[in-house]
Amino acid sequence: MAVFLLFAAGFIVFQQIRERQYKVELFNTRLQDFNRMLYVDELENGQIQDSTLQAYVNRRSFKGMRVTLIKPDGRVVFDSKRKDYAKFTNHKSRPEVRQALSTGLGYSVDRNSTTTSGSYFYSATYIPKIHLVVRSAIPYDNDVVRQLTADSHFLWFALFAVILLTWVLYRFIHRLGQNISGVFSAGSLREKNEELSRRNRELQEENRKLRLREDDTQDLEALKKALRYKGGSDTEQLISGDVTAMNDSRWIRTFTINLGKEDGVKTGSVVVNGDGLVGTVKSAGRGWAKVSTILDSSRGISFCLEDSRKTMGILHVSTDGELEGYMLDESAKVRAGDTLVTSGMGVYPERITVGKVKKVTNDEEEKLKRITVETAVQFDGLRKVAVLL
């Protein structure tokens, strides 16, 4: 409520200041128009005739107007109120004159004249063609003050609108407070229900974990079989985990699992699933690890044919997210449908399935046999993986 009232007060003050500035600019425009009209009618030829100018001012000026012509060096060469020009002080330092010489136009509101001892609204126009500042001035009397005063009707209207909006806002906040009180009064019963629901969820979670322990053992055995694992019957060299988060890009490049340093997982650990090679651990913390898939790896994958360990090559990720590579031997016999496994050279253990050859092309220019590979692992449906320890 206080913020609203401060904003409303600030807006009203700003509007009043802006309206007064608008009226000052409008009043200045009228005097500027007179200055230009004087130049066009009497000064365009560059000659200053005192009697002619005085007659023009008497005939065309506003009530009480004073007109002064000033050279760029500050000397007064005409004034409609005083004729003893030699006794005039230099006018170059007058604010409106200084501004006109700088920008072409200038004005001063309610400035006291040292020449005539009265307050004026000054408006000055610099005419470069004749090297003169034409300055007109209107006595700053009650009539001018009224013309420059902001309209009070808007002020009263704004005050009425603020009072009305304040009342509406108060009613809204008061009713909102009553509703919130009702919510808190019913909160104790809701908290009890939530506590029972929470306990129920905990029991369900414990039951789920008991079931998963048996499922995990079965998953590990399936992973071993798929990986042609040659270890013993224990599970100390392999640990399974769940995928907890995936990136949302077109190609699944990274994901997070619920295994961490306390489980023996570390940066560089190899990650697999029942279908084949998944990738390596990029970083690990307590209870989590971020996995970089083979579609994100910046290093190549050394492979060989499942049926021939001597037929080898290198795979890498293309710019459009596909796994592609080339055979080390241009004469190697490879065809679409052949299964590729890791060769054991590099970071990956041997005999882990990488994928199947989709396409084979001969690069005559570089004398290479290039291949495109479909990964064995379907990354978009990945839910469970295993980490080699």
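Student: Where is Asp307 found, and is Asp307 buried or exposed?

Tutor: In this predicted model, local features need pLDDT of at least 70, side-chain atom pairs count only at pLDDT 80 or more, and totals for chains, interfaces and linings use all residues. Residues are numbered from 1 along each chain as its sequence is written, and side-chain values use heavy atoms, with hydrogens and water left out. Asp307 is found in the loop between strand S11 (301-305) and strand S12 (308-317), where strands (E, at least two residues) and helices (H or I, at least four) are DSSP runs numbered from the N terminus. Because buried means under 20% relative accessible area, exposed over 50% and partly exposed in between (1.4 Å probe, protein chains only), the 75% of Asp307 makes this residue exposed.

Student: Which parts of the chain does the pair of Phe34 and Phe62 tie together?

Tutor: Rings of Phe, Tyr and Trp (its six-membered ring) pair if their centres lie within 6.5 Å, and planes under 30 degrees apart count as stacked, over 60 as edge-to-face and the rest as tilted. Phe34 and Phe62 form a tilted pair, 6.5 Å centre to centre with 45° between the planes. The pair ties together parts 28 residues apart in sequence, because Phe34 lies in helix H1 (residues 2-43) and Phe62 in the loop between helix H2 (50-60) and strand S1 (66-70).

Student: Which residue lies over the face of Phe88?

Tutor: Phe88 is buried, with a relative accessible area of 10%. A charge sits over a ring if NZ of Lys or CZ of Arg is within 6 Å of the ring centre and within 35 degrees of the ring normal. At 4.9 Å from the ring centre of Phe88, the residue over its face is Arg82.
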